[in-house]
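Here is a friendly walk through one protein model. Take a look at the sequence and the 3D view, then read on.

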Amino acid sequence: MNEILEIILPAIPQTLVLVFVSSFISVLFGMPLGIILVLTRQGGLKENQKLYSVLDSVVNFLRSVPFIILMLILIPVMRFIVGKSYGTAATIIPLSVAAIPFFGRLMEGYLAQVDRGILEAAKSIGSNDAQIVFRVLIPEAMPQIVNGITMMIINIIGYSAMAGAVGGGGLGEVAVRYGYTYKRTDILWVSVIIIVAFVQVIQLFGNYLEKKIDKK
């Protein structure tokens, strides 16, 4: 048991760093991406079909590339930024690149669902585009946005586990290296149980926040 703890325990904070730093970066860049997409789409406040088509194509491309292949494609970028293509710090890069377009697309969908009548009412009282976005669109869509962030974090947990197959660090690497390669099924199952527990906790917390915001 002590041996299992010595192997598992260091991987837990690595996984937390992978997941939450990547999630923060993904929200930081994915939210503006979603806002730009919903503003520039057909019928948007700043309709721009050329810009929308370019961003739409980039988002579709990045979402279509399997995560393992995306990691391999980004190895030069990881080496340039971090100095190596493995480990926790390096893996944050492909995790973020995979999650940003995913969250951006979710944001576009959530913001596009806001009642047009509310937007027209905001326009009628003289609100500018920035005020409409930050005082109307985002607050109205906030319960859905929280749900989207929850989904994104859970996806990143799954991606981080896959990253372990190529030296990404965290519980995924422990599961692959010790559980699969060294045939340690005890370590494999402990890793899986902890990952599943992370997912359950994130989902429950996300559901709680969504319901609390929705009531307001």
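## Two helices side by side

At what angle do the axes of helix α7 and helix α8 cross, and within what distance do they come? The axes of α7 (residues 116-124) and α8 (residues 129-163) cross at roughly 160° and come within 11 Å. (Axes here are lines fitted to C-alpha atoms, for helices over the stretch in contact, and angles run from 0 to 180 degrees between N-to-C directions.) So α7 and α8 are roughly antiparallel to each other; angles over 145 degrees count that way, under 35 as roughly parallel, 65 to 115 as roughly perpendicular and the rest as oblique.

Who touches whom? On the α7 side there are Ile118, Leu119, Ala122 and Lys123, and they meet Ile132, Val136, Leu137 and Glu140 in α8. Contact means heavy atoms within 4.5 Å. Sorted by class, this contact has six nonpolar, no polar and two charged residues. (Ala, Val, Leu, Ile, Met, Phe, Trp, Tyr, Cys and Pro count as nonpolar, Asp, Glu, Lys and Arg as charged, and the others, Gly among them, as polar.)

## Stepping back

This is a predicted model, where local features need pLDDT of at least 70 and side-chain atom pairs count only at pLDDT 80 or more, while totals for chains, interfaces and linings use all residues. Residues are numbered from 1 along each chain as its sequence is written, and side-chain values use heavy atoms, with hydrogens and water left out.

The protein chain has 10 helices and zero strands. Helices (H or I, at least four residues) and strands (E, at least two) are DSSP runs, numbered from the N terminus. Taken along the principal axes, the C-alpha atoms fill a box of roughly 65 × 40 × 25 Å.

## Partners of α6

Helix α6 (88-112) packs with α3 (residues 49-64) at an angle of about 130°, their axes 9 Å apart. That makes α3 oblique to α6, and the crossing is left-handed. From α3 come Tyr52, Asp56, Val59, Asn60, Leu62 and Arg63, and from α6 come Val97, Pro101, Phe102, Arg105 and Glu108. By class that is six nonpolar, one polar and four charged residues.

Next, α5 (residues 75-82): its axis and that of α6 come within 9 Å and cross at roughly 130°. Here too the result is oblique, but the crossing of α5 and α6 is right-handed. Val77, Met78, Ile81 and Val82 of α5 make the contact with Ala89, Ala90, Thr91, Ile93 and Pro94 of α6. The residues divide into eight nonpolar, one polar and no charged.

## The open space: a pocket

Now for the gaps. On a 1 Å grid over the protein atoms alone, a cavity is a set of points where a 1.4 Å probe fits but cannot get out, and a pocket is an open set with protein on both sides within 12 Å along at least five of seven lines; lining residues have an atom within 4 Å of a point. Grid points are joined across faces, edges and corners, and a volume is the space filled by probe spheres set on the points.

The largest pocket has a volume of about 170 Å³. It is lined by 13 residues, and Val38, Gly43, Gly44, Ala112 and Arg116 are the closest to its centre. Helices α2 (11-40), α6 and α7 each give two or more residues to this lining, which has eight nonpolar, three polar and two charged residues.

Methods: Left-handed = near helix turned anticlockwise from the far one by under 90°.
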